Amino acid sequence: MINIILLGPPGAGKGTQARHLVETRGMVQLSTGDMLREAQANGSEMGKKVAAVIERGELVTDEIVIGLIREKIAEGAKGGFIFDGFPRTLGQADALGDLLAETGLKLDAVIEMAVDDAALVARITGRSTCGGCGEVYHDQTKPWAADGKCTNCGSTDIKRRADDNEDSLKTRLMEYYKKTSPLLGYYYAKGDLKSVDGLVAIDEVKAAIGKVLG
Ligand code: ADP
Ligand code: ZN
């Protein structure tokens with residue numbers, strides 16, 4: 001069993017790679033972004049509280065996301081956990097270290113997905129996701145079928161995220177550089193950091209991550 005963090009700016013491809021690891025290795029993906037969107041879709045109090053913050057592209061409080069992650073870690077995962085979009089601050093990174101230690105788990109690798117900003121803007125502003133199965137589409141590079149159905153599951157519920165627009169993306173990038181990118185140094189110093197090129201084709205990124213995980 002291995003536990004890893006996928007680290008990188010919005011649009012780096014963390015979700016795509018996490019889905020692949022779930023399918024091929026039976027790992028459990030913990031995406032705080034997905035959990036927060038689920039809370040919004042369920043209409044919970046917490047979901048209502050964070051909606052505007054997320055739409056602006058700012059980070060929600062450490063307290064909220066640490067609470068979400070704590071619950072999921074307690075449920076356990078046979079194939080190990082993939083932390084996707086968490087931690088995003090040094091406070092979250094410390095909290096994750098404590099949670100793992102309490103549960104007797106260890107972190108095996110922190111994988112940086114390195115990309116450049118120009119590519120992120122193009123990737124994110126054309127992005128849509130299938131509500132049925134989570135498949136990710138892109139207007140230019142991976143359009144869905146002409147009949148309007150998801151090629152993977154047939155659902156017609158294909159949505160663009162409210163925060164996948166140029167304004168919110170600017171804020172999300174700034175939040176990343178100010179608050180999340182210091183984690184690269186943090187995990188480098190701990191000896192856990194591995195870096196893969198996130199700009200190459202999806203299959204090549206899969207292979208590079210596979211090599212890191214062995
Ligand atoms: P992306 O990586 O594509 O920007 P995510 O789906 O991971 O998107 O997150 C979407 C939004 O959810 C973030 O912009 C932020 O508002 C909120 N969010 C997700 N994870 C965290 C976290 N660990 N800490 C604070 N806010 C978070
Ligand atoms: Zn689908």
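Start with the largest nonpolar core: select Ile69, Ile73, Phe83, Leu96 and Tyr187, the residues with the most contacts inside this 32-residue set. A nonpolar core here is a set of buried Ala, Val, Leu, Ile, Met, Phe, Trp, Tyr and Cys residues joined through side-chain atoms within 4.5 Å, and buried means under 20% relative accessible area with a 1.4 Å probe, protein chains only (exposed is over 50%, partly exposed in between). Keep in mind that this is a predicted model, where local features need pLDDT of at least 70 and side-chain atom pairs count only at pLDDT 80 or more, while totals for chains, interfaces and linings use all residues. Residues are numbered from 1 along each chain as its sequence is written, chains are lettered from A and ligands numbered from 1 in the order written, and side-chain values use heavy atoms, leaving out hydrogens and water.

Now colour the elements that give two or more residues to this core: strands S1 (4–7) and S3 (81–84), plus helices H2 (32–41), H3 (45–56), H4 (62–75), H5 (90–103) and H8. H4 supplies the largest share, 6 residues. Helices (H or I, at least four residues) and strands (E, at least two) are DSSP runs numbered from the N terminus.

Zoom in on Ile69. Not counting residues up to four places away in sequence, Ile69 touches Leu30, Thr32, Met35, Phe83, Phe86, Leu96 and Leu99; contact means heavy atoms within 4.5 Å.

Next, pick Ile4, Val115, Leu120 and Leu173, which are among the 19 residues of a second, separate core.

Which segment holds Ile2? Look before S1. Leaving aside neighbours within four places, Ile2 is in contact with Arg25, Met27, Gly79, Gly80, Phe81, Asp108 and Leu213. Draw a C-alpha to C-alpha distance from Ile2 to Met27: 8.2 Å, across 25 residues of sequence.

Then show H7 (166–180) and H8 (182–190), which pack at about 35 degrees with axes 6 Å apart. Those axes are lines fitted to C-alpha atoms over the stretch in contact, with angles from 0 to 180 degrees between N-to-C directions. Tyr176, Tyr177, Lys178, Lys179 and Thr180 of H7 meet Pro182, Leu183 and Leu184 of H8.

Finally, zoom out to the whole protein, with its 9 helices and 8 strands. The C-alpha trace spans about 50 × 40 × 35 Å along its principal axes. Buried residues make up 43% of the 214. Among contacts between residues at least 6 apart in sequence, 70% join residues at least 24 apart.
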